[in-house]
Amino acid sequence: MADLDRLEEGLRGHLRRSAPVPDGAAGRVVAAVRARLDDAPRRRTPLPALAGVASGVVLAAVLAAALWSRTGTPSGTERPQPPAGGRPGVAVSGAAPTAFSVLDVAFGDDLHGWEVGSTCTDGSCVLAVRATADGGRTWTAPSPVDPRPTGADATARVAFRGARSGFVAAAGLLYTSGDGGRTWSRASLPDGVVAVAPVGASVWALQACPGSPPCSVRVLASTDDGRHWAAMAAGPAVAGADATMVRVSAVDAFVAGSGSAGRGGSRLAATHDGGHSWEQLPDPCGPSPAGAAPVIAALEPTELWVACDGPADRAVYRSRDGGRHWEQRVSAAPGAGALGAAGSPAALALAPRGPVYLGLEPGPLLRSSDGATWTVSLEATTAGGVRLVEFVDTAHGWVVTGDGRALGTADGGRTWIPLAP
Amino acid sequence: MIGALVHDAAARRTAEFDAALVVHTPRLLGIALAILRDPGEAEDAVQESWELAWRSWDSLRDPGARGAWLRRICVRRCVRRQRRLLTLRRTESGVEVETAGAVCDGYRAVEWELALRRLSVRQRAVLVLHYQLGYTLDECAAHLGCRPGTVRQHLSRALARLRRSLDG
């Protein structure tokens with residue numbers, strides 16, 4: 001009997017450890033099955049009830065048409081337009097939770113973008129990416145990123161370099177795609193990746209350091225779309241698993257974290273020579289009562305914005321010399337005006353040649369043309385508040401809400417329309 | 001009107017199928033790979049399973065039972081697929097085997113792997129379902145479409161053959 005127990009124990013151990021599913025296998029199978037169903041009507045294969053409807057692309061079109069017709073937008077229009085009867089700053093609420101829970105969006109222009117999220121059915125969820133070529137009116141069927149189950153409330157970041165090279169950072173891992181997001185494989189990087197930023201020919205990944213006392217994040221770079229990576233010799237003296245990175249050119253980048261690993265105690269750092277050297281920037285925010293990292297936004301190497309909650313108030317700062325000197329644009333006590341709304345700064349975005357947006361979670365999306373006066377762009381009744389905001393030009397932008405929905409605007413944030421679920 | 005209803009039903013069916021495709025494929029691949037021990041064969045078996053599932057998608061009344069239903073299709077597809085092969089491809093398989101250092105209860109992982117591949121595909125399926133996925137023997141029988149007594153027989157012979165291979 002002891003011999004049988006030993007055999008069974010060894011068998012369990014071997015089955016548990018052996019035969020891992022290869023990277024990209026799930027994506028290949030999903031793509032092959034979809035292609036088979038797409039081809040079925042042409043090959044007269046007797047697949048009942050297919051009725052010419054072949055893939056989730058068509059499904060998304062049907063749903064989008066229904067959705068946009070409800071909001072009063074003609075379904076044949078090319079680009080997202082505000083609904084005919086829309087009110088400025090109207091809150092969007094009451095929509096049923098969707099099977100695809102959006103975690104992040106990335107748009108290259110006003111039409112082409114990607115969403116990463118968790119797609120769930122029968123109580124199981126996996127991380128997946130889907131693409132749009134019409135500003136979010138319709139989406140391709142989701143493609144799985146990782147074969148392992150994920151939680152519906154996971155966090156993930158998506159970024160693309162061009163139309164084909166995609167990157168997803170989720171649960172400390174980095175995944176890459178070379179075919180526009182249809183198939184994904186895990187990059188050969190150690191755990192701890194918290195941000196990824198492709199600009200020009202290079203991709204940078206930010207790797208958090210879990211040590212105590214806080215140790216600096218590392219910056220890794222790849223020049224072949226994520227196949228090979230090298231750690232930069234120098235790094236920003238910033239710490240924290242919630243560190244963020246904003247690259248404004250191939251050589252200029254800013255990093256913000258919730259802790260400091262340097263002598264100055266600053267949680268902000270910048271490079272202007274492609275990561276060869278990093279300088280600690282003066283931290284205008286001071287210690288955060290919640291221990292959160294300041295949120296940052298930049299479009300140029302010289303102009304950097306920061307929003308943060310201090311012990312007594314919320315403040316927004318602007319620098320015109322790359323973060324070396326700061327000007328406080330406004331501060332507000334809790335409850336005072338739009339800027340004093342409940343919630344914490346979660347996202348800051350600059351529209352090119354346009355206003356600045358601040359998303360609060362849970363809370364509203366705020367909009368300001370000068371950083372001093374703020375108005376509500378999207379009200380706080382959107383469940384979970386605003387997790388992310390992004391603009392590609394003055395008019396076209398997107399937000400991701402805390403409850404996993406994405407909304408778009410085509411009029412500079414005056415009206416917001418839910419993207420196709 | 002009727003055309004629109006038909007179109008809506010078809011779109012709903014496609015949506016349900018596509019959502020299940022994305023969510024369940026990773027787990028089905030894990031099961032197929034554990035049974036077939038070959039990544040290429042596993043991908044083909046899962047793809048065939050989905051095509052079979054699509055054909056009888058409307059026959060399943062309880063969406064909550066969809067996962068178990070898909071696993072059953074996949075396990076049976078693996079068995080049918082493997083039985084068509086004349087020989088077990090032991091050496092050219094792409095399955096990663098831990099060759100250094102990894103020792104399971106006295107035996108090296110590579111010895112476990114070779115011993116597993118010497119089993120019939122039904123024997124291997126019973127071991128995977130019972131020891132890796134934790135199904136009872138009655139549940140294994142339901143997955144394989146045979147009687148519990150047959151599953152007990154497969155299990156007993158599989159363990160005996162494993163022991164002979166590992167000790168030999």
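Q: Which residue stands opposite Ala221(A) in strand 12 of chain A?
A: That's Ala230(A). Keep in mind that this is a predicted model, where local features need pLDDT of at least 70, side-chain atom pairs count only at pLDDT 80 or more, and totals for chains, interfaces and linings use all residues. Residues are numbered from 1 along each chain as its sequence is written, with chains lettered from A and ligands numbered from 1 in the order in which they are written.

Q: How many bridges join strand 11 and strand 12 of chain A?
A: Two, in the antiparallel sense, with strand 11 covering residues 218–222. Strands pair if DSSP finds at least two bridges between them; strands (E, at least two residues) and helices (H or I, at least four) are DSSP runs numbered from the N terminus.

Q: What's the strand order in that sheet?
A: 9-10-11-12 in chain A, an open sheet with antiparallel pairing. Strand 9 (193–199) and strand 12 (230–231) of chain A are the edges, each pairing on one side only.

Q: Switching to chain B: which residues of helix 6 are buried?
A: Cys140(B), Ala141(B), His143(B) and Leu144(B), within helix 6 (residues 137–144) of chain B. Buried means 20 or more other C-beta atoms within 10 Å of the residue's own, exposed 12 or fewer, partly exposed in between, with C-beta atoms placed from the backbone.

Q: Where do they sit around helix 6 of chain B?
A: On the same side, because they cover an arc of only 160° around the axis, taken from the directions from the helix axis to the C-beta atoms.

Q: And what comes just after helix 6 of chain B?
A: Gly145(B), with a positive phi of about 75°.
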